[in-house]
Amino acid sequence: MKRKAVCLFLSLVMTVSLLTPSTLATGSGKNVYQNGTFTAEKLSNPTTGEGEADGLVPGGDRLNSYAWSMSRLTDEYGDYVYIGSNRNLMYFGVLQYADSLDNKALLTDILTNGEVPTDCTNYECYQAIIARYNLKTGEIEKYFDSADYGLDSPFGLIWGFRAAVTFKGALYMNANSVLRGSCLVRISGNDQKEPEMLTGVGGVGSSGVSSCTMRAMCVSEDGSTMYVGGMESSNGRDCYTIYKTADGETYEQIVGPKTDVTVFDRYE
């Protein structure tokens, strides 16, 4: 676990290095950033520049331009990187953290040049997508869209996919849902038409708590165990929680309000 954390930290440092370019090459029509021996090439909408609609899917998408999680799944049906988004992060942040402002919609319009809708109702602004990038063909496509599902579906009103890992031949993503709290979805193969919704970890009705926000996922060095971490609300207090699973089907809480392990309260 400690080595995994170190590797994740080093990966983040490398990412920051890649996104601090010293040169920008656009002669091929693509945006390629170079910094010393590192090269970063823009893969989603590769020819778009400043002031143009960008995002994860072809043509650009101002509401799904934020890649929140990524993991790779390779099998006989293809080799893909799946990318989970956080939909409409700008407006969501304004609503959550600008409580003292009288006109949150006006602030969002100013910050985004009026390109992000602020008249959504019933969380319609927050329906996230999963995109996937084909490592063999270099093409990117929309794989899943929460907006395609109604309120009677467990896939309805998923506002973000915060974490993703590949575990024992399948890809798992945390789904933050308005309807279900936090839950997990699984993609067992690249030929699967839509994610599979899992139950039994986090969220209302599964862990028995009032709310749950999953924030991180990792796999043990030997690949035998997957861990899912986040926060739960118990008796009006926010507590850290960690679940583990050996098969992706059954989950055991090893840290949290339902265990004897010390719980670190967020607020006194």
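The chain has three helices and 15 strands; helices (H or I, at least four residues) and strands (E, at least two) are DSSP runs, numbered from the N terminus. The model is predicted: local features need pLDDT of at least 70, side-chain atom pairs count only at pLDDT 80 or more, and totals for chains, interfaces and linings use all residues. Residues are numbered from 1 along each chain as its sequence is written, and side-chain values use heavy atoms, with hydrogens and water left out.

Of the 268 residues in the chain, 43% are buried. Buried denotes under 20% relative accessible area, exposed over 50%, and partly exposed the range in between (1.4 Å probe, protein chains only). The accessible surface of the chain is about 14700 Å². Carbon and sulfur atoms contribute 52% of that surface. Areas come from the Shrake-Rupley method with a 1.4 Å probe; for residues, only the protein chains shown count as cover. Among contacts (heavy atoms within 4.5 Å) between residues at least 6 apart in sequence, 43% join residues at least 24 apart.

Four strands form an open sheet in the order 4-5-6-7, with antiparallel pairing. Two strands pair if DSSP finds at least two bridges between them. Strand 4 (67-75) and strand 7 (140-145) are the edges; each has a single partner strand, so one side of each lacks a neighbour in the sheet. From one strand to the next, the twist averages 25 degrees. For such angles, axes are lines fitted to C-alpha atoms, for helices over the stretch in contact, and values run from 0 to 180 degrees between N-to-C directions.

Strand 6 (residues 129-134) runs antiparallel to strand 7, and five bridges join them. A131 has K142 of strand 7 as its bridge partner. The hairpin of strand 6 and strand 7 has five residues between the strands. In this hairpin, G138 adopts a positive phi near 80 degrees.

The structure holds eight aromatic pairs. One of them joins Y80 and Y82 in a tilted arrangement, 6.2 Å centre to centre with 50 degrees between the planes. Rings of Phe, Tyr and Trp (its six-membered ring) pair if their centres lie within 6.5 Å; planes under 30 degrees apart count as stacked, over 60 as edge-to-face and the rest as tilted. Both Y80 and Y82 are buried. R132 lies over the face of Y80, at 4.0 Å from the ring centre. This assignment requires NZ of Lys or CZ of Arg within 6 Å of the ring centre and within 35 degrees of the ring normal. Elsewhere, ring pairs link F144, Y149, F155 and F161 into a cluster.
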